[in-house]
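Dear colleague,

Please find below the structure that I am handing over to you.

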Amino acid sequence: MSETYIARSPAVAARKLAGEMMVMNSENSTFFTLNEVATAIWQAADGQTPLSEIVRDHICETFEVTLEQARADAEHFVAELAGHGILIVSDRPIVLETIQ
Amino acid sequence: MSLMGEVGQTAFNLGVPLAVHLDITYRCNERCVHCYLDHDDHGEMTTAEIKGVLDQLAEAGVFFLTFSGGEVFLRRDFFELVEHARRLMFNVKIKTNAVMIGEKEAKRLRALNIDTMQISLYSHRAEVHDAITKLPHSFERTVKAIKFLHDQGLRVTIANVLMTANLGDHYGTQKLAAELGVHYTLDPTITPMMDGDMGVLELRIPGKELEEVFRNPALVGNQEEFCAPPPLPSAEDLEGYSCSAGHSFCYISPYGDVFPCVQFPLPTGNVRQQKFLDIWNFSPQMNEVRSIQARDLTTCSSCSHVASCTRCPGLAYMEGNMRGPSTADCEKSFYRTGVATANMLRLGLEKPVSAGRGGQLIQIQAAV
């Protein structure tokens, strides 16, 4: 089974407020707040860590949910944010051009 | 309440500085007749100092960051500062006259994912705009830059300051904004010079003209609703606060001075001497500003407009008392609704008398 890698889009602005991440996509001004679990995935989305590892290390342990449940929720979350252009998804590690 | 509104309320309740306006220079290549700034450089923060401030702001929870001036592009390190800000994941807005923006700069700004470019344009007629900016060909250069930015897909807002020098031109300027495919805001605020010179206030439009602006549906939306007499204030209204100044918003000058707002010149500390969060959390002045509720206001607490007035505490402060009325806003409330304010009744006036001071920004948004 292939791995999924996720990275935060460079087009977004993000900041944590009261434990939840605010995310705004400057391309279309869409604005989201992520709950605590989604925030944990967002913060771990470095493009290099497989989603399965993020779920295991950052979700199951911290929020005491089963691996199966966490994986299903994470996949749904990732698909939704990718649809809004604020997460980049690939089956290979992602290297983004950083701001020089 | 919208999601953005909820976030704003959360920040307000928790005392998180959600938004900061940072002027990085007061120097400018235009000499606008209505400008309140001293354009000499009295010791601007260095690149390293500003980057350090940005690091602190990110740590403090600031999300919305506005770079302004002066003319921001006069700083040779401007792109370096914006890049640093974007690396820290701020939502960045830039206020500029745009005359130094060419196609190359527009592309670079697009690549940095700037949220909004707010550009000063005072007329649809070159001769009127250039007479206000005192920079020949500035109209031509600004409009050209707007096109470059728009072509790159950046969100652009034309900001027009309404004054006697361009009074008849605001419809034309709004039309030009629509033709260019950008947003438009109109602001009738003229602020006294930083050195206290009030001469510039002669440019303020007469109150009667304000009434006409408030009754223009193209600018205010539902005119009936916008100009409706104020409802009776409730007990809850008297528990309310004036605005976000000092609660979830503040202003930092090019010299590192921190103020509750751009138009609230109450010094609360300097980031060259103290940590930003120490000023934000512990400055007695900042805490005084954020302690003031509507019920604490002299005169205004008994005013029928108390819940709907745009009363600016900074302007009231400039008039002598941050808990007092802001006369320019009394004027706006009166001309918007036709209902006398408590301050007018106290002074026995049938019509408001301008205080000789600038007013709170009323940003009348018109969608493209």
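Predicted model: local features only at pLDDT ≥ 70, side-chain atom pairs only at ≥ 80, totals over all residues.

In chain A, strand β3 (residues 20-25) pairs with β4(A) in the antiparallel sense over five bridges; two strands are taken to pair if DSSP finds at least two bridges between them. The bridge partner of V23(A) in β4(A) is F32(A).

Residues are numbered from 1 along each chain as its sequence is written, and chains are lettered from A and ligands numbered from 1 in the order in which they are written.

The sheets of chain A

The pair described above belongs to an open sheet of three strands in the order β2-β3-β4 (chain A), with antiparallel pairing. β2 (12-17) and β4 (30-34) of chain A are the edge strands with a single partner strand each, so one side of each has no neighbour in the sheet. Direction ignored, neighbouring strands of this sheet are turned by 15° against each other on average. Axes are lines fitted to C-alpha atoms, for helices over the stretch in contact, and angles between N-to-C directions run from 0 to 180 degrees.

Helix α1 (residues 36-44) of chain A lies across β2, β3 and β4 of chain A and runs at about 60° to β3(A). From chain B, α1(B) also packs on the sheet, where it touches β2, β3 and β4 of chain A, and its direction makes about 50° with that of β4(A). Residues are counted as touching, or in contact, if their C-beta atoms, placed from the backbone, lie within 7 Å.

Another open sheet of three strands in chain A has the order β5-β1-β6, again with antiparallel pairing. Its edge strands are β5 (46-50) and β6 (87-90) of chain A, each of which pairs on one side only. The twist from one strand to the next averages 25°. Strand β1 (residues 5-8) of chain A is joined to β5(A) by two bridges, and these strands run antiparallel. Y5(A) has P50(A) as its bridge partner in β5(A). Helix α3 (residues 67-83) of chain A packs on this sheet, touching β1 and β6 of chain A, with its direction at about 115° to that of β6(A).

Overall form of the two chains

Chain A has three helices and six strands, which follow the pattern β-β-β-β-α-β-α-α-β along the sequence. Its C-alpha atoms fill a box of roughly 35 × 30 × 25 Å along the principal axes. A compact globule of 100 residues would have a radius of gyration near 13 Å, and the 13 Å of chain A agrees with this. The radius of gyration is taken over C-alpha atoms, and the globule rule is 2.2 Å times the number of residues to the power 0.38.

Chain B contains 16 helices and 10 strands. The radius of gyration of chain B is 20 Å, close to the 21 Å that the globule rule gives for 368 residues, so chain B is as compact as a globular protein of that length. Its C-alpha trace spans about 55 × 45 × 40 Å along the principal axes.

The contact between the chains

The contact takes 18 residues from chain B and 14 residues from chain A. On the side of chain B that touches chain A, α1 (3-14) and α3 (78-87) of chain B each supply at least two residues. The largest share of that side, six residues, comes from α1(B). By class, the side of chain B has 10 nonpolar, four polar and four charged residues; Ala, Val, Leu, Ile, Met, Phe, Trp, Tyr, Cys and Pro count as nonpolar, Asp, Glu, Lys and Arg as charged, and the others, Gly among them, as polar.

A helix pair in chain B

Helix α5 (residues 126-133) and helix α6 (residues 138-151) of chain B pack at an angle of about 105°, with their axes 8 Å apart. α5(B) and α6(B) are therefore roughly perpendicular to each other, the range for this term being 65 to 115 degrees. In this pair, A126(B), H129(B), D130(B) and T133(B) of α5(B) meet S138(B), F139(B) and E140(B) of α6(B). The residues of this contact divide into two nonpolar, three polar and two charged.

With kind regards

Terms used
Helix = DSSP H or I, 4+ residues; strand = E, 2+ residues; numbered from the N terminus. Contact = placed C-beta atoms within 7 Å. Parallel < 35°, antiparallel > 145°, perpendicular 65-115°, else oblique.
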